[in-house]
Amino acid sequence: MEIYVANSGKESGPFTAEQVASMHGAGLVNATDSVWHADLPEWVPVHQFLNIRPPVPAEAVIPGNADLENRLQDQRESGPIRKRTMSQVMVWMVVSLGFYGIYLIAAYSPEVAKITGRRKLEFHVVLLLSILTCGLFGMIYHCVLAYKIWNHSINIELIGRDPKLAHKVWYWNLVVFVLFISSAGMALPVSIFGSAWSVWLLQQELNLYADRERRSGTLS
């Protein structure tokens with residue numbers, strides 16, 4: 001079956017159904033683009049052709065649901081997903097003795113909310129609670145964010161996703177917590193490395209969305 005894809009009046013193809021699905025997963029084809037093949041009487045949206053959930057329209061407003069309206073507004077107003085390298089994360093985690101991780105978890109909160117469309121904790125709230133609890137809240141919230149993004153990546157079949165992201169982040173945070181408590185802080189270097197690695201695991205997933213947003217202008 002020869003399938004053609006159209007975006008903004010520009011047509012490309014032919015492709016196979018598998019290629020269209022792969023391009024959508026890589027962010028090269030948007031859910032709102034159109035596809036056509038010989039068995040179709042007219043062009044149809046990609047999301048209809050792939051039988052996936054259509055994206056939420058930017059102008060969608062549900063009367064009486066103020067919470068959802070606010071979250072949609074947050075998505076439209078939030079900045080782009082920031083891409084960070086492994087060296088950036090690791091070096092700054094070591095130099096700051098792990099405090100950079102607290103900052104990153106707070107920074108991830110609005111980014112994950114933008115991707116998933118779920119409710120977020122404000123940056124300053126996450127930062128303050130993490131500092132007041134000596135990082136414990138940040139570790140727990142880090143695991144929550146990892147689960148949210150992991151679940152979302154599975155739902156949209158994101159290409160390149162880590163299928164065990166949530167489990168890995170939970171594992172490394174648990175290791176860091178047990179090491180730090182059992183050794184009364186003596187295992188600080190190991191704890192910092194473990195924290196840096198768990199933060200990097202989540203950052204890798206966010207980098208996929210940053211690339212997707214940059215290529216196609218959408219996170220769907």
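Two strands count as paired if DSSP finds at least two bridges between them, and strands (E, at least two residues) and helices (H or I, at least four) are DSSP runs numbered from the N terminus. The model on screen is predicted, so that local features need pLDDT of at least 70 and side-chain atom pairs count only at pLDDT 80 or more, while totals for chains, interfaces and linings use all residues. Residues are numbered from 1 along each chain as its sequence is written, and side-chain values use heavy atoms, with hydrogens and water left out.

**The sheet**

Select strand 1 (residues 3-7) and strand 2 (residues 10-15), which pair in the antiparallel sense over four bridges. Within this pair, Asn7 stands opposite Lys10 of strand 2. Two residues lie between the strands of this hairpin, and Ser8 takes a positive phi near 55° there. Moving along to Pro14, which lies in strand 2, look at the peptide bond that joins Gly13 to Pro14, for it is cis, with omega near 10°. Most residues other than glycine have a negative phi, and most peptide bonds are trans.

Now widen the selection to the open sheet of four strands, whose order is 2-1-3-4 and whose pairing is antiparallel. Its edge strands, each pairing on one side only, are strand 2 and strand 4 (44-45). Strand 3 (residues 34-36) joins strand 4 in the antiparallel sense over two bridges, and Val35 can be found opposite Val44 of strand 4.

**The largest core**

Next, select Ile105, Tyr108, Leu145, Ile149, Leu165, Leu202 and Leu206, which touch the most other members among the 31 residues of the largest nonpolar core. A nonpolar core is a set of buried Ala, Val, Leu, Ile, Met, Phe, Trp, Tyr and Cys residues joined through side-chain atoms within 4.5 Å, where buried means under 20% relative accessible area, exposed over 50%, and partly exposed in between (1.4 Å probe, protein chains only). At least two residues of this core come from each of helix 4 (86-95), helix 5 (99-116), helix 7 (136-155), helix 8 (165-182) and helix 9 (188-216), and the largest share, eight residues, is that of helix 9.

Centre the view on Tyr108: leaving aside neighbours within four places in sequence, Tyr108 is in contact (heavy atoms within 4.5 Å) with Arg84, Leu145, Val199, Leu202, Gln203 and Leu206.

**The surface patch**

Turn to the surface and select Leu97, Phe99, Leu136, Ile140, Val144, Leu174, Phe177, Val178, Phe180, Ile181 and Leu188, a nonpolar patch with about 1,000 Å² of accessible area together. Patches consist of residues with over 30% relative accessible area and no salt bridge, like charges being joined within 9 Å and nonpolar side chains (Val, Leu, Ile, Met, Phe, Trp, Tyr) within 5 Å; a salt bridge is a side-chain nitrogen of Lys or Arg within 4 Å of a carboxyl oxygen of Asp or Glu. Accessible areas come from the Shrake-Rupley method with a 1.4 Å probe, and for residues only the protein chains shown count as cover. Helix 7 and helix 8 each supply at least two residues of the patch, the largest share, five residues, coming from helix 8. Phe180, found in helix 8, counts as partly exposed at 39% relative accessibility.

**Two loop residues**

Finish with Cys134, in the loop between helix 6 (123-132) and helix 7, where phi is near 55°, a positive value in a residue other than glycine; Cys134 is exposed, with a relative accessible area of 77%. In the loop between helix 7 and helix 8, select Glu157, which has a positive phi of about 55° although it is not a glycine and which counts as exposed at 55% relative accessibility.
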